[in-house]
Amino acid sequence: MSSESLALLRKNAGEEIRALAEEHYKHDLQDSDRDTLKSAAGKIGTHVTIGSIVGLGLGAFLAFRLRNMRLQMFNAFRAHEKPTHVKFADGREEAIPDITPMMRPSRLGDVAAYTFFGFGGLFLGGETGLLTGSASASRTITRDPESRKRIETAFRRFRADVLRKEANALDQKKGVTELLGL
């Protein structure tokens, strides 16, 4: 198995693509286009950060509410009179075990609730922030039609160059085993 089979371990392809993108960024765009792209990227980052913080707070709030509901249910169950024996038709009686200690909220349950609700809120908030940030960045880029046209042209040229490089890399491989890295 080749080290290039895992995206995490690929180093050269990322550097080549980054250098190619930087070249298109410098030569195909004007200063105002670069400023527009920087502004759009900043908006995405801001929205994701705010969304993540709000999501984390919402997750913690919901975990707190869940913990309080579990505690109220436990207290109501503990205070309620429970049967201690069951009497069968043939006259025998069996004791019912007290399950109150098993229903008591635990620290482990609290940690799990805060952890999972926190991660869930972080994920949900971050993804929502990414969507709203992408929409805001799109509006920023499409605000000026001339700038939009130049940015789209530069992106098309960049993608074409990346695809050419990938095609050349595929053409240089001789067999299926070399292509797959086996």
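Q: In what order do the elements of the protein run from the N terminus on?
A: In this predicted model, the protein holds six helices and two strands. Read from the N terminus on, these elements follow one another in the order α-α-β-β-α-α-α-α.

Q: What share of the contacts in the protein with a separation of 6 or more comes from residues 24 or more positions apart?
A: The protein has 182 residues, of which 16% count as buried. Among the contacts with a separation of 6 or more, the share that comes from residues 24 or more positions apart is 72%.

Q: Which helix gives the most to the lining of the second largest pocket?
A: The second largest pocket, with a volume of about 170 Å³, is lined by Ala-21, His-24, Tyr-25, Leu-29, Leu-37, Ile-151, Ala-154, Phe-155 and Phe-158. At least two residues of this lining are supplied by each of helix 1 (12-27) and helix 5 (145-172). The element that gives the most, with four residues, is helix 5.

Q: How many residues of the lining of the second largest pocket are nonpolar, polar and charged?
A: The lining includes His-24, Leu-29 and Leu-37, and for a division by class it matters that Leu counts as nonpolar, whereas His belongs to the others, which count as polar. By class, the lining of the second largest pocket has eight nonpolar, one polar and no charged residues.

Q: Are the rings of Phe-155 and Phe-158 stacked, edge-to-face or tilted?
A: The structure holds one aromatic pair. The rings of Phe-155 and Phe-158 have their centres 6.4 Å apart and their planes at 45°. Planes under 30 degrees apart would count as stacked and those over 60 as edge-to-face, so the pair of Phe-155 and Phe-158 is tilted.

Q: By about how many helical turns are Phe-155 and Phe-158 separated?
A: Both Phe-155 and Phe-158 line the second largest pocket, and Phe-158 is buried, with a relative accessible area of 15%. Because Phe-155 and Phe-158 are three residues apart in helix 5, their separation is about one helical turn.

Q: Over which ring does the charged end of Arg-34 sit?
A: Tyr-25 is one of the residues that line the second largest pocket. The charged end of Arg-34 lies 5.8 Å from the centre of the ring over which it sits, and this ring is that of Tyr-25.

Q: How far from the centre of the ring of Phe-88 is the charged end of Arg-92?
A: Leaving aside neighbours within four places in sequence, Arg-92 is, with Glu-93, in contact with Lys-87. The charged end of Arg-92 sits over the ring of Phe-88, and its distance from the ring centre is 4.3 Å.

Q: Is Lys-87 buried or exposed?
A: Lys-87 is found in strand 1, which covers residues 85-87. Its relative accessible area is 62%, and since the cut-off for the exposed class is over 50%, Lys-87 counts as exposed.

Q: Is Asp-110 buried or exposed?
A: Asp-110 has its place in helix 4 (residues 107-142), and beyond its neighbours within four places in sequence it is in contact with Arg-67 and Arg-70. The relative accessibility of Asp-110 is 10%, and because buried means under 20%, Asp-110 counts as buried.

Q: How far apart are the C-alpha atoms of Asp-28 and Ile-151?
A: Asp-28 lies in the loop between helix 1 and helix 2 (31-79). When neighbours within four places in sequence are left aside, Asp-28 is in contact with Ala-154 and Arg-157. Although Asp-28 and Ile-151 are 123 residues apart along the chain, the separation of their C-alpha atoms is 8.1 Å.

Q: What is the separation of the C-alpha atoms of Ser-39 and Ala-137?
A: Ser-39 has its place in helix 2 and is partly exposed, with a relative accessible area of 34%. Along the chain, Ser-39 and Ala-137 are 98 residues apart, while their C-alpha atoms are separated by 7.7 Å.

Q: By what distance are the C-alpha atoms of Ile-17 and Val-162 separated?
A: Ile-17 is found in helix 1 and counts as partly exposed, at 36% relative accessibility. Ile-17 and Val-162 are 145 residues apart along the chain, and the distance between their C-alpha atoms is 6.9 Å.

Note on methods:
Residues numbered from 1 in each chain as written. Predicted model: local features only at pLDDT ≥ 70, side-chain atom pairs only at ≥ 80, totals over all residues. Heavy atoms only, no water. Buried < 20%, exposed > 50% of the residue type's maximum accessible area, 1.4 Å probe, protein only. Contact = heavy atoms within 4.5 Å. 1 Å grid on protein atoms, 1.4 Å probe; cavity = no way out; pocket = protein on both sides within 12 Å on 5 of 7 lines; lining within 4 Å. Points joined across faces, edges and corners; volume = space filled by probe spheres on them. Phe/Tyr/Trp six-rings, centres within 6.5 Å; stacked < 30°, edge-to-face > 60°. Lys NZ or Arg CZ within 6 Å of the ring centre and 35° of its normal.
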